[in-house]
Amino acid sequence: MFLHESPDTTQYYCFNNLSQYGDTIVHGVFTRHGGISDLNFKSLNVGLTAGDDKDSVWFNRKIVAKTMGAKEGRTIYLNQVHGKNFLVLRGDNSNGCKVEKQSEDNQPYQSRQDADGIITNIKGILTVMQVADCQAVILYDPVNQVIANIHSGWRGSLLNIIGRGVDIMVEKFDSSPASILAAVSPSLGPCCAEFKNYREEIPEYLWRYRVKSTDNEYHFDFWQMSFDQLTDKGILPQNIEVAGVCTTCSSHIFYSYRKENITGRFAVASGLV
């Protein structure tokens, strides 16, 4: 992952494996900087449900869209609920796609659907996940031109939403797992992923992801869990890039719910061009 700075100074990170396809996709992991939100949400918060001023959030979302070169009304945010449902948008890349407006604000930057992933083969749609310690996982099939953006917090990891995303790409879009590239955003690292009640919260078959250290008895490595979920579905290890950046340790760069509790959500965006 490397830092990209756009001409308007909005900073975002790019993945090395996805960047080689810069002529067919756009993507970016935005920091918490470059927006207009104040107080705990300073400054590029794109989350509507954390308590920030809604007008500031809408403006910040427009910054993300503009930075990624997305047209107005072609950016999709979901109502993320820590489940495993997907919004699947199919097309022949010429018919386009109608993006729902959020009625109370009359803004073309939100789908009302409760879901935690978007998969599409339609060009010109920018999909955005909102995260603050959770993983955002981008999957890209350069052969069939299909892209997925997935929100996977620890609950999503237990549900294996990442594996479900791969299954949908295979079943609905004829993707071959061997052709899919995967990129995992900055998120809660094993250094800070403490689950003192893991015996009640995490299934026993996943206890193997406990960090092997007496100092970290209750810590889990969800980065490795995601890597394994991807390879279990046939994604080649060399096609997977895990950012390996802990958002809690790097809360000066990214939002961290575990570190700050009341905080914003940073954007992880992707789309076909």
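The model is predicted, so local features need pLDDT of at least 70 and side-chain atom pairs pLDDT 80 or more, while totals for chains, interfaces and linings use all residues. Residues count from 1 along each chain as its sequence is written, and side-chain values use heavy atoms, leaving out hydrogens and water.

Let's start with the sheet. Six strands make an open, mixed sheet in the order β5-β6-β9-β8-β10-β11 (strands are DSSP E runs of at least two residues, helices H or I runs of at least four, both numbered from the N terminus; two strands pair if DSSP finds at least two bridges between them). β5 (87–89) and β11 (240–242) sit at the edges with a single partner strand each, so one side of each has no neighbour in the sheet. From one strand to the next, the twist averages 10° (axes are lines fitted to C-alpha atoms, for helices over the stretch in contact, with angles from 0 to 180 degrees between N-to-C directions).

Further in, β8 (135–141) and β10 (181–184) run antiparallel over four bridges, and I138 has A183 in β10 as its bridge partner. Helix α4 (161–173) packs on the sheet, touching β5, β6, β8 and β9, at about 160° to β9 (contact means heavy atoms within 4.5 Å). Helix α6 (222–232) lies across β8, β10 and β11, at about 170° to β11.

Now for T31, in the loop between β3 (25–30) and α2 (54–68). T31 counts as buried because its relative accessibility is 2% (buried is under 20% relative accessible area, exposed over 50%, partly exposed in between, with a 1.4 Å probe and protein chains only). Leaving aside residues up to four places away in sequence, T31 touches Q11, Y13, L44, I253, F254 and F266.
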